[in-house]
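Work through the two exercises below with the sequence and the 3D structure at hand. Each task is followed by its solution in steps.

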Amino acid sequence: MSNIHNFGAGPAKLPSEVFDELEEELVNFNGTGISLMETSHRSATYIKLNAEIQDVVRRLLNVPQNYKILFLQGGGQGQFAGVPLNLMSRTGTADYVITGIWSVIAAREARKYGNVRFATPQQDSYVNIPDLSTWDLDPNASYVHICDNETIDGVEYDFIPNTNGVPLVADMCSNIMSKKFDITKFGAVYGCAQKNIGTAGVTMVIVREDLLNQAMPACPSVFDWTLTAKNNSILNTPPMQAIEVMGRVLKWIERNGKLEKMEELAVKKSSMIYDYIDQSNGFYYAPVEKRFRSKMNIPFRVGPPKGDVDLENQFIEDAEKQGLIQLRGHRWNTSLRLQFGHC
Ligand code: PMP
């Protein structure tokens, strides 16, 4: 196994130390004699774990007390619905900044629940974040939605936009916990666990308290942030094992230099590849403008800018022989893609 290098964008690689810990506790969680999977979510064991993991999140991201940390199910796409269901009722309209495929999908889902405006012009390809001065923001919007790291297109914000008092909501599914940021500049952020902080099953939402209590009447209870907060994320049976894996990864991050170190490593690892691509005399091609290149996901082509399918297939085949696996890009985008999580 040691010669396997997994570049899958998600589900992504987890630290081996975490696996060792999980192996040890799998059938006998914390000396209880049973696994966490068989433990009641109302038990003191789980209530303690739930609090402990929320505390790690609070410490890592410096989350103030007026923000709630919620653990939900339904993945990133669940929150594409969860965000409008919880936040759009105030004015019935929301602004979406379109910088890649995931922000398009988020906007499409939100349209089911109200009026969605595109704050930036449609583009044929996504290679940058349009300059903030060109954004057409509606002061009446209930919120402004951004995708902080476009996993498929490899475009990442290097700034937090000022939305003039309209709550900013960020999809951080593929870069949460990869850098330090000021959470107080956001009304809410959300991230599914399986890319950077664990395994599929749990999605974290961090939301400012004053944005609660406005869910649409039709909002399913399991997506209702206010109900979830009131029930301390134990409204119904939580995906406890997935939450435990996430907790283990977050504690691993805390022990290994916190977010400063994760960011430093992400810059280091991604620069090695971008530099190689840039110095390849066009043999490899990375389409995204340098400033907005993702430190998490690197889409690139082999051959000309639109790629050479035969060369790319050969690249994948040869890479796999070397133990470099899951390099092929998303089915919605044919470029190859490297992912850099934490390990
Ligand atoms: N947003 C982004 C940025 C993503 O990369 C993904 C997953 N690829 C999603 C949302 C959707 O996440 P999920 O598969 O958990 O619904």
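**Exercise 1. How many disulfides are there, counting a pair of cysteine sulfur atoms within 2.5 Å as a disulfide?**

Step 1. The count by this rule is zero disulfides.

Step 2. C147 belongs to no disulfide, and its nearest cysteine sulfur, that of C173, lies 7.4 Å away. C147 has a relative accessible area of 1%, so C147 is buried (under 20% relative accessible area with a 1.4 Å probe and protein chains only; over 50% is exposed, in between partly exposed).

Step 3. C192 is in no disulfide either; the nearest cysteine sulfur is that of C173, 3.3 Å away. With a relative accessible area of 3%, C192 is buried.

The model is predicted: local features need pLDDT of at least 70 and side-chain atom pairs pLDDT 80 or more, while totals for chains, interfaces and linings use all residues. Residues are numbered from 1 along each chain as its sequence is written, and side-chain values use heavy atoms, without hydrogens and water.

**Exercise 2. Describe how helix α1 and helix α6 cross, and list the residues in contact.**

Step 1. Helices here are DSSP runs (H or I, at least four residues), numbered from the N terminus. Helix α1 covers residues 16–25 and helix α6 residues 240–255.

Step 2. Their axes (lines fitted to C-alpha atoms over the stretch in contact, with angles from 0 to 180 degrees between N-to-C directions) come within 10 Å and cross at roughly 135°.

Step 3. Contact (heavy atoms within 4.5 Å) involves E17, V18, E21, L22 and E25 of α1, and Q241, E244, V245, R248, V249, W252 and R255 of α6.

Methods
A disulfide is a pair of cysteine sulfur atoms within 2.5 Å. Helices (H or I, at least four residues) and strands (E, at least two) are DSSP runs, numbered from the N terminus.
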